[in-house]
Protein chains: 2
Amino acid sequence: MVATVHQVALSTDLYELTMAASYHALGMRGKAIFSLYVRKLPPRRSFLVVAGITEALRYLEQLHFDDQALDYLRSLPVLPRDFVDSLASFRFTGDIWAVREGTVLFPEEPVLEVEAPILEAQLIETLIINAIHYPSLVATKAARCRLAAPGKVLVDFGLRRTPSFDAGLAAARAAYLAGFASTSNVLAGERYGIPVTGTVAHSFIEAFPSELEAFRAFARTYPGDPVLLIDTYDTLRGAQHAVQVARELRAEGRRVRAVRLDSGDLAELSKQVRRILDEAGFPDIQIFASGGLDEFELAALTAAGAPIDGYGVGSRLGTSEDAPLVDMAYKLVEYDGRPALKLSTGKQTLVGPKQVWRHLGADGRFDQDLIAARDEPSPGPGWQPLLQPVMRAGRLVDLPSVEELRAEHLASMERLPESLRRIDRVEPYPVRLSPVLQARQQAAVAAIRAREGL
Amino acid sequence: MVATVHQVALSTDLYELTMAASYHALGMRGKAIFSLYVRKLPPRRSFLVVAGITEALRYLEQLHFDDQALDYLRSLPVLPRDFVDSLASFRFTGDIWAVREGTVLFPEEPVLEVEAPILEAQLIETLIINAIHYPSLVATKAARCRLAAPGKVLVDFGLRRTPSFDAGLAAARAAYLAGFASTSNVLAGERYGIPVTGTVAHSFIEAFPSELEAFRAFARTYPGDPVLLIDTYDTLRGAQHAVQVARELRAEGRRVRAVRLDSGDLAELSKQVRRILDEAGFPDIQIFASGGLDEFELAALTAAGAPIDGYGVGSRLGTSEDAPLVDMAYKLVEYDGRPALKLSTGKQTLVGPKQVWRHLGADGRFDQDLIAARDEPSPGPGWQPLLQPVMRAGRLVDLPSVEELRAEHLASMERLPESLRRIDRVEPYPVRLSPVLQARQQAAVAAIRAREGL
């Protein structure tokens, strides 16, 4: 487990340190600008919902190398002693511009830009990508689940198959930020105030001599209105047992809140279960479903008109199963006032500091973006800038709560154009480069080609 | 970041606690046996390499709820106060049998089995799955990379796009355990003694007025033999610059250790670069390649005869990109002496405590497995049991080092049958159930069906 600050400082790629050692030895203190952006979206994904920025900034504000970290670094022959000694006073002192967490972004658009002495700006590369890459994938998948199951209650069940406890915590936060109602992850409740939910597993049912006895035992000991898991042995028989317990509870003035299905043909079973509950006089018992769900399964259940009130979305959300990786990169775009980029095939970076402008159409939905140099004026009325200063001289400008970010994200999803609401097909969304940025880009490429004799 | 012990205790699904509360209220203290196993492997994967067990056991030995955790739990209306109070003295006191980390396993074979009072055995479910699921996927992918690139040096470059720092640390360990030579992850070096490697990124090259000046600056300041990244602007031109620097270093009695390619057609470029280096009289400069690699890319480069000496495998390893999820489950198999299982479609569990026996054939390679009840005798000569006690009454039996586990894993991969060495196709491997286990399984299913009236 990565437990202490020194361990965050060491959670980096060795080359960040060997490069920093060279900059240190050479006395290179020029200002570097790095951009974090996505080169290309995974198949079937039309947009990225950004998350993880708050955590990245929190790490940055605290980042330093303690004695234990320095001792280890001194043991590495590739790092000169005087460089490691200098790390004792390392702090991140730069400026950062970023979009708000929960913002919908497209390829090439900066998620954030860092301006700092090159040693600092380089040294935080691994941290920045690591903190933002995975939460953004989970937030994006969570937003897609909401598009696939409009109006349904969605719950994060992902923790157990997330890649670590840290990842599970970040995933719970990202899913909540993207509109999920609650999580099964208790730590996410404690840490972020996210509502936590959950009742029983199949093992509970199996630990009793019969399903009916298990239901009764749980109802007797659970302090609220129980949710009963009905698919351990036979889902329809389970629904009948739930009805029986609901009748017994009614006599005490209590009720069964919901039944949960976790296997089988959920569309068909939910209809049959709904009928059993309704015919028994329990139209208020909700149906909750789980088991290998993702946005594609949810869309199929929506299309089938499954009478399901809420879904637990687990492993496929917490691993971003259909797209566990997005080509998110943190690239030098300017050093010491000189534009920087590489010419490697298919990997050109937009030079210099930038701003992303988003246009709202007459229908209140956004309809085009413009990536411009940051020193350009607003393109005109109806355009909003997405990047704003979030850190100045290593200090946080402000830190919105998860609730604020969630509310903003949900409002922005209302402005999502119709063409981007499909989960199975990518529709083009217009993102243009400003003429000024284009001209600078071409000039930078030409200058490098000339310099390198290409 | 999940930073303290109380946070590990809270990194659980709420239902583990609501079930525990019921067991507490009901006074249910019978012994439960849970099995952790994989129901089905992802497409194209013929086996699972287990990892993460050591970390799981370390967590278990320390697991407890501190005051901060208890305070939060008391705030949840679904958990009765006296139950939360009782958690103050919670410790895991059970026994665990497990395979060694690095063991090759197949579906249905237990990774580990837990025997403990049901409250304890249930409460650790999320922890057990979370700690073992992801490292096993990464170890499996790393082992497949070794099969695809025999004899090559493989380096873990995954950290930046792993889902968290914890995940990155676990991935570095899993890859090393599965035979990788080193990692870029500095914390993994500090924590586990894994060799760390790395030199420069494109940004370093771009920060200088020209590639050649960047190479010279790095060579001047790096305390060892540098690896030069040559694809920033033009790979072949970069190779010529590397030759130039190698000549300059030779005059000082130093050398360029390797060049690194990170983009383009690696098979073709590596051949051209090899020719440039050889013709310039530097046959000892190695070629190292990276950039979106996985076992499939490695196999293609091997097939193309690419003269590449080592590979950095990054994002696709650290996310287990082609298979970020495996259906690993932790299931009740016995409670209070009575076999337990659910009958849900396609999800039947093998009842009772078990042992996995592996048979070594005449060629020294394993050729079949037998899953038996744990109380059965050895099937005969040539059969080895894979599960052994690793925890007794909550205490670790022994904790092998990563180096020991790595050596055992590498030896076991020498015994992998030829049919399982393909990375693109799944060949059947015989795993049988013992007649005793089959009979107990059938009896348990019949008993439950009778009890539930099915």
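1. A residue is called buried when its relative accessible area is under 20%, exposed when it is over 50%, and partly exposed in between (1.4 Å probe, protein chains only). By that rule A:Glu108, at 27% relative accessibility, counts as partly exposed. A:Glu108 lies in the loop between S4 and S5 of chain A, and has a positive phi of about 75 degrees although it is not a glycine.

2. This is a predicted model, in which local features need pLDDT of at least 70 and side-chain atom pairs count only at pLDDT 80 or more, while totals for chains, interfaces and linings use all residues; side-chain values use heavy atoms, with hydrogens and water left out. Residues are numbered from 1 along each chain as its sequence is written, and chains are lettered from A and ligands numbered from 1 in the order in which they are written.

3. A:Glu109 sits in the loop between strand S4 (104–105) and strand S5 (112–117) of chain A; helices (H or I, at least four residues) and strands (E, at least two) are DSSP runs, numbered from the N terminus. Is A:Glu109 buried or exposed? With a relative accessible area of 1%, A:Glu109 is buried. A polar atom of its side chain lies 3.0 Å from the backbone nitrogen of A:Phe106. Residues up to four places away in sequence aside, A:Glu109 touches residues including A:Tyr37, A:Arg358 and A:Asp369; contact means heavy atoms within 4.5 Å.

4. A:Arg44 also deserves a look. A:Arg44 has a positive phi of about 70 degrees although it is not a glycine. Its place is the loop between strand S1 (31–38) and strand S2 (48–49) of chain A. The relative accessible area of A:Arg44 is 37%, so the residue is partly exposed.

5. Helix H3 (residues 53–62) of chain A is mostly covered, with 7 of its 10 residues buried. Among them are A:Ile53, A:Leu57 and A:Leu60.

6. A nonpolar core is a set of buried Ala, Val, Leu, Ile, Met, Phe, Trp, Tyr and Cys residues joined through side-chain atoms within 4.5 Å. The largest has 156 residues, and the members that touch the most others are A:Leu60, A:Phe65, A:Leu73, A:Ile132 and B:Tyr311. Helix H8 (residues 165–177) of chain B gives the most to this core, with 8 residues. Apart from this core lies another, of 155 residues, among them A:Val49, A:Ala148, B:Leu17 and B:Tyr59. As for A:Phe65, its contacts beyond four places in sequence include A:Leu10, A:Leu73, A:Phe90 and A:Leu123.

7. How are the two chains related? A rotation of 180 degrees with 0.0 Å of shift along its axis superposes chain A on chain B, with an RMSD of 0.0 Å. This is the relation of a two-fold axis. The same surface serves both copies, as 100% of the contact residues of chain A recur in chain B. The copies are superposed by least squares on the C-alpha atoms of residues with pLDDT of at least 70 in both.

8. Chain A is divided into domain 1 (5–138 + 323–452) and domain 2 (199–289), with bounds that come from an automatic or database domain assignment. The C-alpha centres of these two domains lie 48 Å apart.

9. An unreviewed UniProt entry places the feature "domain: Nicotinate phosphoribosyltransferase N-terminal" at residues 10–132 of chain A; such annotations may be inferred rather than shown by experiment. Over residues 10–132 the chain is 43% helix and 18% strand.

How values were computed:
Polar contact = N/O pair within 3.5 Å; in protein donor to acceptor, adjacent residues only side chain to side chain.
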